[in-house]
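I opened the model today to look at strands, ring pairs and cores. My entries follow.

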Amino acid sequence: LSAASFTISGPANYSGSGTSFSQTNAPAGSYTITYGTVAGYTSPASDTKTLAGGGSISFQATYNVLSPVISVAPSSLNFGSVPVGASRDLNDSAQNTGFGTLTGTASVTAPFSIALGSPFSLSPNQNQSVTVHFAPTAAGTFTQTVNFSSNGGSRLVVATGTSVKTG
């Protein structure tokens, strides 16, 4: 988390950015580690450590996301070649990688459609399969964007497919 910062106060003072720090041969005494705020995250509580002379001071901080965050995989769907009048389904997965409930929808335009999985409501770390349907009615190469919109952000997935006339 590059926006994270910290300050260590005590017999010697240190400050920096990031979520971890280590200093060897620190002077003996009591040190207080204070973490900076990062938008959209909870900051870790301050921590106090007491060191003997020549000791090492180190920490590893954990910031937690406050809101839901959408993650979608894969980032593209290739339906390959599908005869005119036939169809094929492929799955994408929407996941809540944040906190709180993620609510959203997936949408796409013809000759693709969302067959299953939209709208969705996901708890933290929960995922749901979203089925994209390709049903071409004419020959050609088709590319559309599947739009995942949610209260935890938006993601785009490129869907491609080719259709050929048979017979």
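I count two strands as paired if DSSP finds at least two bridges between them. Strands are DSSP runs (E, at least two residues), numbered from the N terminus. By that rule β16 and β17 pair in the antiparallel sense over 11 bridges. Phe 148 stands opposite Arg 155 in β17.

A note on the source: this is a predicted model, where local features need pLDDT of at least 70, side-chain atom pairs count only at pLDDT 80 or more, and totals for chains, interfaces and linings use all residues. Residues are numbered from 1 along each chain as its sequence is written, and side-chain values use heavy atoms, with hydrogens and water left out.

Next I traced the sheet. Five strands form an open sheet in the order β10-β17-β16-β12-β14, with mixed pairing. β10 and β14 are the edges; each has a single partner strand, so one side of each lacks a neighbour in the sheet.

Then I looked up the cores. A nonpolar core is a set of buried Ala, Val, Leu, Ile, Met, Phe, Trp, Tyr and Cys residues joined through side-chain atoms within 4.5 Å. Buried means under 20% relative accessible area (1.4 Å probe, protein chains only). The largest core has 19 residues, of which Phe 79, Phe 112, Phe 120, Val 146 and Phe 148 touch the most other members. Elements giving two or more residues to this core include β10, β16 (140–150) and β17 (153–164). A second, separate core of 16 residues includes Ala 12, Val 38, Leu 51 and Phe 59.

I followed Phe 59 into strand β7 (residues 55–60). Strand β3 (residues 20–26) pairs with β7 in the antiparallel sense over five bridges. Phe 21 stands opposite Phe 59.

Last, the rings. Rings of Phe, Tyr and Trp (its six-membered ring) pair if their centres lie within 6.5 Å; planes under 30 degrees apart count as stacked, over 60 as edge-to-face and the rest as tilted. I get 10 aromatic pairs. Phe 6 and Phe 21 form a tilted one, 5.1 Å centre to centre with 50° between the planes. Phe 6 sits in strand β1 (residues 5–9) and Phe 21 in strand β3, 15 residues apart. Both Phe 6 and Phe 21 are buried. Phe 79 and Phe 134 are also a tilted pair, at 5.5 Å and 50°. Phe 79 lies in β10 and Phe 134 in β15, so this pair ties together parts 55 residues apart in sequence.

Terms used
Buried < 20%, exposed > 50% of the residue type's maximum accessible area, 1.4 Å probe, protein only. Helix = DSSP H or I, 4+ residues; strand = E, 2+ residues; numbered from the N terminus.
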